[in-house]
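Let's take a walk through this structure together. Have the sequence and the 3D view ready.

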Amino acid sequence: MSTDDVQVWLRRQGAEQIAHPGGNLYAHLRRVSERLAVLGCARDVQAAGLTHAVYGTDGFDVALVDRADRAVLRDLVGAGAEELVYLYGACDRGRSWQELARTGEVFDRFARQVRTPGGTQLRSLVDLSIVNELDVIEHDPAVADRHGAYFRELFASWTPIASEQVIRDAERVLRP
């Protein structure tokens, strides 16, 4: 399916009616996808960026579709993008983020088990996570004030597993 079809689907799921820093969830999803494109991330990562919150996330507990019905999203964006969206939504940030570059392990909060994504999927997860947080920070200055130092330190620790262009963007946005 095309990006336009996915955007229509997101609007039908009510993404425009869900409040989010910078307006609404739909606008946020579009900005994340567009930023991933500008930063040169693969098309499946861009598609995951456009749909990254459909199962809810550890930081945003609103789901647009039940994760038990993953075929709906898989049919829309493809298997690779859907798997990344699932991993992003499943990631228990408190149990995964700090040691992610060292361990490569993601604690799946849905299945309650540790997953070890391959190198490409891990990089995609990290890139998506960084770009998501950068968008929130740019649209809610209070987040930057409260959590800027944390994100600077976290993203610096992810340098070995993130795309270089995404790290440069994070350094630009989070400049002290």
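Before going on, a word on the model: it is predicted, so local features need pLDDT of at least 70 and side-chain atom pairs count only at pLDDT 80 or more, while totals for chains, interfaces and linings use all residues. Numbering runs from 1 along each chain as its sequence is written, and side-chain values use heavy atoms, leaving out hydrogens and water.

Now for the rings. Those of Phe, Tyr and Trp (its six-membered ring) pair if their centres lie within 6.5 Å; planes under 30 degrees apart are stacked, over 60 edge-to-face, and the rest tilted. The whole structure has 6 aromatic pairs. One of them joins Tyr55 and Tyr86 edge-to-face, with 6.3 Å centre to centre and 65° between the planes. This pair links distant parts of the chain, 31 residues apart: Tyr55 sits in the loop between helix 3 and helix 4 (70-77), Tyr86 in helix 5. Elsewhere, ring pairs tie Trp97, Tyr150, Phe151, Phe155 and Trp158 into a cluster.

Helices here are DSSP runs (H or I, at least four residues), numbered from the N terminus. Helix 3 (residues 43-51) and helix 5 (residues 79-90) pack at about 45°, their axes 8 Å apart. Where do they touch? With contact meaning heavy atoms within 4.5 Å, Asp44, Val45, Ala47, Ala48 and Thr51 in helix 3 meet Gly80, Ala81, Leu84 and Val85 in helix 5.

Conventions
Axes fitted to C-alpha atoms, helices over the stretch in contact; angles between N-to-C directions. Helix = DSSP H or I, 4+ residues; strand = E, 2+ residues; numbered from the N terminus.
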